[in-house]
Amino acid sequence: MTSSGVSPLISVDELAAALSGPRPPVLLDVRWQLGGPPGAGEYAAGHLPGAHYLDLDTELAAPPGPAGRHPLPDPGVLGAALRRAGVSSGRPVVVYDAGPAMSAARAWWLLRWAGHDGVRVLDGGLAAWRAAGLPESVERPADGAGDFVPVPGSLPTVDADGAAELARKGVLLDARAGERYRGEVEPIDPRAGHVPGAVSAPTTENVAADGTFRPREELAARFAALGADGSAPLGVYCGSGVTAAHELLAMESAGITGAVLYPGSWSEWSGDPARPAATGELPG
């Protein structure tokens, strides 16, 4: 399906204007990197004025286990974190990371999965904000008094069986780097390779050199070439359900809606020895 509604992305200029307006959005800093230190240290060194920090590993995901490295969070934990950051049902939210929105996309998708319909992602992240010469702060704002209560399941998901069916009967995109899809390397999960039938669609191809998303028309053409043309059911997975959200964000910014996330992703699939793994360039 396609949509012509409000873009899920917000530019630096649009955000700066919104922050000075009568109804400024709640700002969430969700900086994170795979295998790196928590983003709290970077947040403390400088962030958008008024932004609250959320930890992807502990607040935007449940503990790792059989369901993968970043299972969907406990709604109570997620809700408490969001309310502490001032998130309310009737107030817009803007999420950002260092750029190019890999972890911010996870927060965007999660809030919508939890029932919040006013969430956007800062295009280009903190890098774009800094490139525009806009101010930062080292002050941590006081805890907010948000009223948002998550309603899980407001966006669809699939489990491993559902992902396998999508790969057979629809289109299942693998958002990881090409070398991981092909099975040439596997730095973190139990086995190398990909879900048989899945199509390689690295998220790095969603963005330009400066970390901002490619134009709507280019993204639409990219996904159409991958089979995401509205003619078949569509799903996305990655390593642990983080960068797959980036793929969903890119598709929605291109006007493509209706794709579903496989939250367990390869970290769950590859941990089950009964699940087959394909390698090489082809879906398998």
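This is a predicted model: local features need pLDDT of at least 70, side-chain atom pairs count only at pLDDT 80 or more; totals for chains, interfaces and linings use all residues.
Me: Why is Glu 247 called buried?

Reply: Buried requires a relative accessible area under 20%. Glu 247 has 0% relative accessibility, and therefore counts as buried. The residue is found in helix α9 (residues 243–253). Leaving aside neighbours within four places in sequence, its contacts include Asp 174, Arg 222, Phe 223 and Val 236.

Me: What makes the pair Trp 109 and Trp 113 stacked?

Reply: The rule for aromatic pairs gives a count of three. For Trp 109 and Trp 113, the ring centres are 6.2 Å apart and the planes lie at 15°. Centres must lie within 6.5 Å, and planes under 30 degrees apart count as stacked.

Me: What is the separation of Trp 109 and Trp 113 along helix α4?

Reply: The two residues are four apart in α4 (residues 102–113), which means a separation of about one helical turn. Trp 109 is buried at 3% relative accessibility, and Trp 113 is buried at 7%.

Me: Why is the pair of Tyr 237 and Tyr 262 called tilted?

Reply: The planes of Tyr 237 and Tyr 262 stand at 55°, with ring centres 6.5 Å apart. Stacked planes are under 30 degrees apart and edge-to-face planes over 60, the rest being tilted. The angle of 55° falls in that remainder, so the pair is tilted.

Me: Which parts does the pair of Tyr 237 and Tyr 262 tie together?

Reply: Tyr 237 lies in strand β8 (residues 234–237), whereas Tyr 262 lies in the loop between β9 (260–261) and α10 (265–269); the pair therefore ties together parts 25 residues apart in sequence. Tyr 237 is buried, with a relative accessible area of 0%, and Tyr 262 is buried at 1%.

Me: How do you know that the charged end of Arg 275 sits over the ring of Trp 269?

Reply: The distance criterion is that CZ of Arg be within 6 Å of the ring centre, with a further condition of within 35 degrees of the ring normal. The charged end of Arg 275 is 5.1 Å from the centre of the Trp 269 ring, and it is assigned as sitting over that ring.

Me: What makes β8 a paired strand?

Reply: Pairing requires at least two bridges. Four bridges join β6 (residues 171–174) to β8, and these strands run parallel. Two bridges join β8 to β9, also in parallel. Gly 235 in β8 stands opposite Leu 172 and has Val 260 in β9 as a bridge partner.

Key. Residues are numbered from 1 along each chain as its sequence is written. Side-chain values use heavy atoms; hydrogens and water are left out. Buried means under 20% relative accessible area, exposed over 50%, partly exposed in between (1.4 Å probe, protein chains only). Contact means heavy atoms within 4.5 Å. Rings of Phe, Tyr and Trp (its six-membered ring) pair if their centres lie within 6.5 Å; planes under 30 degrees apart count as stacked, over 60 as edge-to-face and the rest as tilted.
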